[in-house]
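Please look over the sequence and the fold below before reading on. The notes after them cover a few local features.

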Amino acid sequence: MSRLRRMPRRRSYDQYCAAARALDDVGDRWTLLIVRELLAGPRRYTDLHADLPGVSTDVLASRLKDMESAELATRRKLPPPAAAYVYELTARGRGLLPVLTALAEWGAPALAERRPTDAVRAHWFAVPLLPVLDGLGCDGVVEVRLDEGSFHVRLSGAVPVYGDGPAADPDARLALDAETCRALSVGALTVGDGVRDGRIEVSGDGKLAKVLRGE
């Protein structure tokens, strides 16, 4: 009988420091990117693996187990007819959104050039776009369409904060490209300027759509 390969035991920095304690739980490779995926809501293991190109099945399983131990995520079985297991963030795990937002802001300038080997998923732009849309001061659901796909963000403090794919009944729709998303996230472009320059197309008749158009 074959045996599953054992992953190395997780180590602690053993430092009485808040940053070190945090890194004990989220400092391993892939952990924060798993959090990024789960911020979109419950995900099956196969979905997580598909949206984390480059992660091995062993490492993904190990990280998820570590996240359960650290009370960052839980695993539960969906009711019939689905009967599948999904992973979702706990309140503690969702508390990492500001951390990811800060990391995305800090790392956005490095996206100036897309490398030929870079994978991309549309919903990866959700986290850096959230503070830009939140800054408009208007609640609602915004559907964002890129060439790479679509995602939606919720500006009402709802959980989860964003989702992969189109929204069921969005208050506004944005159509733009990945470079415009990057420009918004680094502050090189405002939504209003993007609309006026024709780089962002806004559709919808509600208050949020009007705010996005600058009406």
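What follows is a short report on a helix pair, a strand residue and some backbone details.

## Basis

This is a predicted model.

## Helix 7 against helix 8

Helix 7 spans residues 126-134, and helix 8 spans residues 178-185. The two pack at an angle of about 55 degrees. Their axes lie 9 Å apart. Helix 7 is therefore oblique to helix 8. Their crossing is left-handed.

On the helix 7 side, Pro128, Leu129 and Val132 make the contact. Helix 8 contributes Cys181, Leu184 and Ser185. By class, this contact has 5 nonpolar residues, 1 polar residue and no charged ones.

## Glutamate 88 in strand 2

Glutamate 88 sits in strand 2, residues 85-89. Its side chain makes a polar contact with the side chain of arginine 76, at 2.4 Å.

Arginine 76 is one of several contacts. Leaving aside neighbours within four places in sequence, glutamate 88 also touches Leu38, Pro42, Leu72, Ala73 and Thr74.

## The loop between strands 1 and 2

Strand 1 covers 73-77, and proline 81 is in the loop between strand 1 and strand 2. A cis peptide bond joins proline 80 to proline 81, with omega about 10 degrees.

Alanine 83 is in the loop between strand 1 and strand 2. Its phi is positive, near 55 degrees, though the residue is not glycine. Alanine 83 has a relative accessible area of 40%, so it counts as partly exposed.

## Aspartate 14

Aspartate 14 lies in the segment before helix 1 (18-26). Its phi is positive, about 55 degrees, and it is not a glycine. Is aspartate 14 buried or exposed? Its relative accessibility is 68%, so it counts as exposed.

Conventions:
Residues are numbered from 1 along each chain as its sequence is written. This is a predicted model: local features need pLDDT of at least 70, side-chain atom pairs count only at pLDDT 80 or more; totals for chains, interfaces and linings use all residues. Side-chain values use heavy atoms; hydrogens and water are left out. Axes are lines fitted to C-alpha atoms, for helices over the stretch in contact, and angles run from 0 to 180 degrees between N-to-C directions. Helices (H or I, at least four residues) and strands (E, at least two) are DSSP runs, numbered from the N terminus. Angles under 35 degrees count as roughly parallel, over 145 as roughly antiparallel, 65 to 115 as roughly perpendicular and the rest as oblique. A crossing is left-handed if the near helix is turned anticlockwise from the far one by less than a right angle, and right-handed if clockwise. Contact means heavy atoms within 4.5 Å. Ala, Val, Leu, Ile, Met, Phe, Trp, Tyr, Cys and Pro count as nonpolar, Asp, Glu, Lys and Arg as charged, and the others, Gly among them, as polar. A polar contact is a pair of N or O atoms within 3.5 Å; within protein, one must be able to donate a hydrogen and the other to accept it, and residues adjacent in sequence count only if both atoms are side-chain atoms. Buried means under 20% relative accessible area, exposed over 50%, partly exposed in between (1.4 Å probe, protein chains only).
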